[in-house]
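Let's take a quick tour of one protein chain. Keep the picture open while you read, and find each spot as it comes up.

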Amino acid sequence: MQCYDLSIIVRRLKRLVVPYLIVWIFQLLLVLWFLSSRNDIYLQDPNHFFYNGINWIFNFLSGASGPGHYFIPLVVQLIFVIPLFYWLALRSPNLMLVFAFVLDLVCEYIAVVSGMPQWLYGIVFIRYIFMGALGVWLVFHERVITWW
């Protein structure tokens with residue numbers, strides 16, 4: 001599939017991740033400065049978040065912190081998932097929509113039964129599967145949205 005061409009994926013990820021990386025580093029430095037200026041008791045603990053590089057990587061991949069932290073991980077997932085829905089919709093848009101609905105139900109059930117933590121549920125694409133597929137379906141059914 002042409003939409004999974006490596007150069008296209010790299011270009012999309014670079015356009016998204018580079019500004020995010022700059023903002024994430026600024027946020028990290030700002031938090032470190034704020035905590036060090038307060039002489040925070042937590043900074044004395046060697047197990048604290050800011051002393052562990054693995055936690056930094058995890059924080060970066062999970063969208064950092066604050067309002068809208070879920071946006072970047074979701075967009076990265078969309079870059080890989082939406083072309084798959086588009087490929088399925090080329091064969092049959094209605095069948096793709098039914099498949100996405102059933103997949104959404106199954107993923108939601110698994111998330112509840114497995115006890116998926118709320119922070120993880122917020123940054124994975126499973127809660128948006130049907131909405132993403134519906135967006136692809138609307139591309140194939142322009143007449144449905146032209147009356148707006």
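The chain has seven helices and zero strands, where helices (H or I, at least four residues) and strands (E, at least two) are DSSP runs numbered from the N terminus. Read along the sequence, that gives the pattern α-α-α-α-α-α-α. What you're looking at is a predicted model, in which local features need pLDDT of at least 70 and side-chain atom pairs count only at pLDDT 80 or more, while totals for chains, interfaces and linings use all residues. Residues are numbered from 1 along each chain as its sequence is written, and side-chain values use heavy atoms, with hydrogens and water left out.

**Confidence and overall numbers**

- The chain's average pLDDT is 81, and 80% of the residues score at least 70; pLDDT is the predictor's confidence in each residue, from 0 to 100.
- Among the elements, helix 4 has the highest mean pLDDT (94) and helix 7 the lowest (63).
- Of the 148 residues, 28% are buried (buried means under 20% relative accessible area, exposed over 50%, partly exposed in between, with a 1.4 Å probe and protein chains only).
- Take the contacts with a separation of 6 or more: 63% of them link residues 24 or more positions apart, and contact here means heavy atoms within 4.5 Å.

**Helix 3 against helix 4**

- Helix 3 (residues 71–91) and helix 4 (residues 93–114) have axes that come within 6 Å and cross at roughly 135°. Axes are lines fitted to C-alpha atoms, for helices over the stretch in contact, and angles run from 0 to 180 degrees between N-to-C directions.
- That angle makes helix 3 oblique to helix 4; under 35 degrees counts as roughly parallel, over 145 as roughly antiparallel, 65 to 115 as roughly perpendicular, and the rest as oblique.
- On the helix 3 side you'll find Phe 85, Leu 88, Ala 89 and Arg 91, which meet Pro 93, Met 96, Phe 99 and Ala 100 of helix 4.
- This contact splits into seven nonpolar residues, no polar ones and one charged (Ala, Val, Leu, Ile, Met, Phe, Trp, Tyr, Cys and Pro count as nonpolar, Asp, Glu, Lys and Arg as charged, and the others, Gly among them, as polar).

**Helix 4 against helix 6**

- Helix 4 and helix 6 pack at about 175°, with their axes 8 Å apart.
- The two are therefore roughly antiparallel to each other.
- Among the residues that meet here are Leu 97, Phe 101 and Cys 107 from helix 4, and Phe 130, Leu 134 and Trp 137 from helix 6.
- The residues of this contact divide into 14 nonpolar, one polar and one charged.

**The nonpolar cores**

- The largest nonpolar core has 15 residues, and Phe 85, Met 96, Ala 100, Ile 126, Ile 129, Ala 133 and Val 136 touch the most other members. Such a core is a set of buried Ala, Val, Leu, Ile, Met, Phe, Trp, Tyr and Cys residues joined through side-chain atoms within 4.5 Å.
- Helix 3, helix 4 and helix 6 (129–140) each give two or more residues to this core, and helix 4 gives the most, with five.
- Leaving aside neighbours within four places in sequence, Ala 133 is in contact with Phe 85, Met 96, Leu 97 and Ala 100.
- Another core, of seven residues, lies apart from that one, and its members include Leu 16, Tyr 20, Ala 64 and Val 75.

- His 141 sits in the loop between helix 6 and helix 7 (142–145), and it counts as buried at 9% relative accessibility.
- Beyond its neighbours within four places in sequence, His 141 is in contact with Pro 93 and Asn 94.
- Val 17 is in helix 1 (residues 6–37) and is partly exposed, with a relative accessible area of 28%.
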